[in-house]
Amino acid sequence: MCGGASKIMVNDLNLPTDVERRLIDNGLGTAQAILDEGRTGLRTIGLNSVDITGVSEAVHQETGEWLE
């Protein structure tokens with residue numbers, strides 16, 4: 001899956017609009033950027049645990065990788 005997560009855009013993850021906007025506004029426009037940031041980074045940008053779980057599940061569904 002070389003480069004797979006870096007090619008999946010946030011708007012492809014079918015996330016709620018407010019979560020998608022917050023990710024994009026903070027420079028997290030790809031699944032790879034979200035994976036690199038991790039759960040701690042998502043908390044830092046203001047996502048709550050329910051939203052983080054949803055993002056993790058969406059990323060896993062598209063990439064096979066879990067957010068740590």
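**View 1. Contacts of Ala33 beyond its sequence neighbours.** Once neighbours within four places in sequence are set aside, Ala33 is in contact with Gly27 and Leu28 (contact: heavy atoms within 4.5 Å). This is a predicted model: local features need pLDDT of at least 70, side-chain atom pairs count only at pLDDT 80 or more, and totals for chains, interfaces and linings use all residues. Residues are numbered from 1 along each chain as its sequence is written, and side-chain values use heavy atoms, with hydrogens and water left out.

**View 2. Setting of Ala33.** Ala33 belongs to helix H3, residues 31–44 (helices are DSSP runs of H or I with at least four residues, strands are runs of E with at least two, numbered from the N terminus). Ala33 counts as buried because its relative accessibility is 17% (buried: under 20% relative accessible area; exposed: over 50%; partly exposed: in between; 1.4 Å probe, protein chains only). Met9 lies 24 residues from Ala33 along the chain, and their C-alpha atoms are separated by 9.5 Å.

**View 3. The fold around the site.** The protein has four helices and zero strands, in the order α-α-α-α along the sequence. Of its 68 residues, 40% count as buried. Among contacts with a separation of 6 or more, 51% join residues 24 or more positions apart. The C-alpha trace spans about 30 × 20 × 15 Å along its principal axes.

**View 4. Charges.** The protein has 5 positive and 11 negative charges, with mean positions 3 Å apart (Lys and Arg positive, Asp and Glu negative, His and chain ends not counted; placed at NZ of Lys, CZ of Arg, CG of Asp or CD of Glu).
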